[in-house]
Amino acid sequence: MSAHHVISGLSPEPLSASGRSSEKLSLPLLQSKMKCDPDGYEAELTLIYKQFNSALDLFRQQAALNFGSISGIGSDPNVAKDLGDRAVFLSHVMPFYRKQLAEFPSQLAEFLRSSAPTLPSGLRYHVTQALILLVNRQIVDIQDTLVIFMELQSLGDRNLRKLAYSHVVQSIRHMNKKHKNEAKNRALQNIVFSILQAEDETRAKRSLTTICELHRRKVWFDDRTANAICKACFHSLSRIMIAALSFLLDYEKIEDDDDSDASSDEDDVTAHAPQVVLSKEAVYKAHHKGTTSSKKKKQAKLERASRRMKKQQRLSSENNSSTYYSPLNCLIDAQGFAEKLFSRLQTCNERFEVKMMMLKVIARTIGLHRLILLNFYPFLQRYVQPHQRDITNLLAAAVQACHDMVPPDAVEPLFKQIVNQFVHDRSRTEAIAIGLNVVREICLRMPLLMTEDLLQDLVLYKKSHEKAVSAAARSLITLFREVCPSLLVKKDRGRPIDPKARPRAYGEVNVASNVPGVELLEHDDSNDSGDGDGSDESAFDGSDDDNENDENIAGDNDEENQLSTDVIDSEEDDNEDDDAEDDDSNNSMDEDGGVSADDGNDNEEEDIESEEGNGSPEIDDNDTRDDSPVSKESKARKRKRSDFDGQLITADTSLRALKRMAEAKGGLASSDLSDGILSNEDFQRIKKLKAKEDAKVALAQQGFKIPSSDQLSVKRLDPAKLEAHVRQKLSKEERLALVRAGREDRGKYMARAAVKQKKTGGLSNRQKEHKKAMPLAAKRAKAAKSRQDKRKKQQRSGKQFRGRKAWK
C-alpha cells in the first residue's frame, strides 16, 4: 500500500461513513452528533478508530527506522494534522464509547512515551492535548501519566512545556481541593522527588520548579516537600542548587495568590484587628480640660500612643500568627543542614553571587532555629571590610546569625572587626552609619557584647553633622536606655523606665509557670469584688489601682503578722498554763478535794466565754477570790478544757495563716479560676486587659519596646534598614534628571535688556523720569552742573599725583 493511497483515506473534511454516503460530515459536526446519539454512529467511530490505528502504525515504524523529520512520512504535514485531529476527536467522544475505545488511552500514552522526541511539534502538541482531556475526565489517572508529562517538559518545545507544566500543577491542585488523599499524594511525590535526584539537569530543574510551585500554592505543604526543597541545595548540579537557594531566600517575599486555598473568615479578620483601649477620662481631658495648647499636646500624645500600640500589635500578630511560614522551619535536622551547607560553602568554586546566597541561607537557618555554628563567625570575619562587594547583605547575614544562645566569646572578634573597620574618624560617612546600625542590631540580640568604654565612644557620634551618622548613634542610645542604662553617661540616660535594667546572663531563660496574662484577670476580678465600678476603670487609672493593691497586700501582711503573733502568744500561754496545772495538781494531791454542785454550769459558761473570746480564757473574780480546795480543783479542770480548745483554735488559725501566705507567694488563681481551666471569655478578657496595660505603657514609655528573642529570630532583617538615611551616590544621568526637574517651573533665561524689551505692562518709574518735561531753570542748572563735572574730570586726568618730593 502506497503512502498516498493511505493519505487519501484519512481526509478529515468530507467524511463518508458506511451507509451514509450522501451525507458528508466534518469531524466537529460528527462529534456533536455522536454525543447526541452515540448508538447511531458506532460505524463511523469504528472507521475513524481504524484510520487512527493505521496512521499510528506508520509513525511507530518511522520511529523504529529512525527516520528524520525531513524525509519519510513525517515530511507531509497533512498526515500529522490528520493523526492529531483524530486523536483529539477520539478523546472527546471517549466517555460515550468506553468499550469500543478501551485501548485508546494506553495507545496514546505509549505513543507519547516512545515517540515524543521524534514527533513534529504540532502533532506532539495535539496528542498531548488529547491525553490531558482524558486525564481531566478521569478516564486516565494522573499517577500513570505524570512521568510522561514531566518528560514532555524537558523536550525544548516552549508551548508544550508550558502546557504540560500547567496541567500537572492544576490537576494536583484539583485533586487536593476538597480533601487531601495522603496515599496518592505520597505516590506522586515519590515520582517527582526521584526525578529531582536524577543527574539529568533539564528534568531535575522542571521537577524542582513543579515542587516549588505546588509548595508555594500550599498544595504540597508538608514537611516532606519542604525537606525535599532544602535537600536540593546539596544537588551535584549547580543550577539546581541555585534554584533551590533562590526559592528559600525569596519565599518570604512571595505573596499568596487570590486563588490560594488558604482563606480567612470575617471572624478571623476581626479577631486579628488591632485593639486600642484608651481611657475615657484621658480622652475627655484631652478635649475638654486645659488651654488650647495643652489640649493639642494631650491629643497628640493620645495619637502617638494609639499609633504605637497598633504598630506593636500588628507586628506581634504578624510574628505570632500561623500565616508566617518558611520551608526552613520544617527542617528535620537543621543543625546538620547548616553544617553540611557551610562545609560546601568553604570548598565550592562557585561565583560570588552563589556564595552570598549560600551564606544568607546558612545565616537564616542559624537565626531561625537558634543553632550554634561557631566556625561561621570567623569565616564572616574575613570578609568584613568597607570595600567588600555587597557588604550590606553580608552584614545583614551576620546580624541574623547572632542570637542569645551563641556564646559572646565566639562573636566578639567579629563584633570588634566591624567596629574597627567601619566606625572610625577616617572612615566614610556611609560606612560609619552602616557600622553603627549593625552594632545596634547585634547588641539588640546579644547585649553582652557591649562594654561601657566602647558604648561611650560610639555615642559621641550623635554630634555628627551627617544625619545618617547622628540618627544611628541616637538609636544606639535609645536601645541601651532600655537594655542597660548604667552603661551610658548620666546625661544620655534620659528617663529610663527601669534604671536598674540589666541584660540577661548567657544561658538565662525565663520559664513561664502560668498562662500569660492570667494575673491581669485575677487583678480585675479582685477589683470587681472590691467595688462595683471596677469595670469602668480605665488604663490610665492604673496608679490608683496599684496603690489600692499595695494597701490590700499590706493589710493582708498585717493580718498575717497579727496571726503569727497570736500563735506565738498562745504557745507561751500554753506553757504557762501547763506550769500552773502542774502546781495545782501537786497542791490538789496534798489536799482532800471535793466537787461543787456548780461545776457543770461553770463549765458551760466557760465554753461560751472561750468561744466568744477566740480561745482566751476568762476567769471570774469570785473564782480568783475563792481559795478553797474545791475552787482550785474546778479552776484546774476549767484550765484544762480551755487549754485544749485554745490549742485547737490556734492550730486552725496557724493553718489559715500558712495557706494565705502560700497563696500570696504563689499567686494562685481566684475562686472562679481555681480549677485552672480558662474559657474563651476569659481569654477575651485577658486580651482586653492586655490592651489597657499596653495603652498605659505606651503613654508612659519614651523609647521603644524591645522584641523578644523569638520575634527577632522569626523576623528577617532587611539590608536596606542598615542604610537608613544614607545618601546614595547619584550617577550623571540621575543628577541631570534632578536638574531638569528643578527647571520645570522656572522660565527661560533672558538678559535684563531682553526682559525690558519684551515688557508689555508699560514703563517703569525710572523710564518715566527720562521722558518727563523739565522746567527751563532746571535744565540750565543741570547743564551747568554737567559742565562743572566735566571740567573737574579733565583737571584730575591732567595732573596725576606722583608722590611728595624729598628735596623740597
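Helices here are DSSP runs of H or I with at least four residues, strands are E runs of at least two, and both are numbered from the N terminus. Welcome to a predicted model, in which local features need pLDDT of at least 70, side-chain atom pairs count only at pLDDT 80 or more, and totals for chains, interfaces and linings use all residues. Residues are numbered from 1 along each chain as its sequence is written, and side-chain values use heavy atoms, with hydrogens and water left out.

**The chain as a whole**

- The protein chain holds 35 helices and 2 strands.
- Of its 808 residues, 36% count as buried, meaning under 20% relative accessible area, with exposed over 50% and partly exposed in between (1.4 Å probe, protein chains only).
- Taking contacts (heavy atoms within 4.5 Å) between residues at least 6 apart in sequence, 72% join residues at least 24 apart.

**Confidence**

- The average pLDDT (the predictor's confidence in each residue, from 0 to 100) is 76 for the protein chain, and 70% of the residues score at least 70.
- Residues 1-23 have a pLDDT below 50, and this stretch has 35 contacts in the model beyond near neighbours in sequence.
- Residues 67-74 also have a pLDDT below 50, with 12 contacts counted in that way.

- Threonine 145 sits in helix H7, which covers residues 142-152.
- Because its relative accessibility is 1%, threonine 145 counts as buried.
- Not counting residues up to four places away in sequence, threonine 145 touches Leu131, Val135 and Val140.
- Histidine 167 belongs to helix H8, residues 158-175, and counts as buried at 6% relative accessibility.
- Leaving aside neighbours within four places in sequence, histidine 167 is in contact with Ile132, Val135, Asn136, Ile142 and Phe149.
- The C-alpha atoms of histidine 167 and asparagine 136 are 9.1 Å apart, while 31 residues separate the two along the chain.

**Helices H20 and H21**

- The axes of H20 (residues 408-422) and H21 (residues 429-445) come within 9 Å and cross at roughly 160°; axes are lines fitted to C-alpha atoms, for helices over the stretch in contact, with angles from 0 to 180 degrees between N-to-C directions.
- On the H20 side, the contact is made by Phe415, Ile418, Val419 and Phe422, and on the H21 side by Ala431, Ile432, Gly435, Val438, Val439, Ile442 and Cys443.
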